[in-house]
Amino acid sequence: DWGSIDIRLSVEKGIIKTASVFTDSMDFELSERVTSALEGCSFQKDAMKNVLTGNEANDIISLFEKNL
């Protein structure tokens with residue numbers, strides 16, 4: 001199970017310009033992987049899901065599916 005994750009996005013013209021990810025996950029590289037995957041991505045559910053899947057952040061996919 002998850003603890004917590006906080007994802008803050010700056011979006012311009014439908015594109016994620018910056019992402020800040022904070023988590024209490026034991027995977028210390030998770031926030032960096034999620035940040036690099038999301039920056040430059042289109043701010044659309046399917047696009048974000050695709051880039052996160054491609055960057056081994058699959059546990060976060062379930063959060064998007066529940067909350068978007």
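In what order do the elements of the chain run from the N terminus on? I read β-β-α-α-α, which comes to two strands and three helices. Helices (H or I, at least four residues) and strands (E, at least two) are DSSP runs, numbered from the N terminus.

I noted that this is a predicted model, in which local features need pLDDT of at least 70, side-chain atom pairs count only at pLDDT 80 or more, and totals for chains, interfaces and linings use all residues. Residues are numbered from 1 along each chain as its sequence is written, and side-chain values use heavy atoms, with hydrogens and water left out.

Confidence came next. I looked up pLDDT, the predictor's confidence in each residue, from 0 to 100. The chain averages 81, and 75% of the residues score at least 70. Strand E2 (residues 15-23) has the highest mean, 94, and helix H3 (residues 58-67) the lowest, 60. Where pLDDT is low, the predicted coordinates should not be read in detail.

Then I checked burial. Of the 68 residues in the chain, 22% are buried (under 20% relative accessible area; exposed is over 50%, partly exposed in between; 1.4 Å probe, protein chains only).

I also looked up contacts (heavy atoms within 4.5 Å). Among those between residues at least 6 apart in sequence, 30% join residues at least 24 apart.

Last, I turned to Phe 43. I found Phe 43 in the loop between helix H1 (30-38) and helix H2 (45-54). Phe 43 counts as partly exposed because its relative accessibility is 44%.
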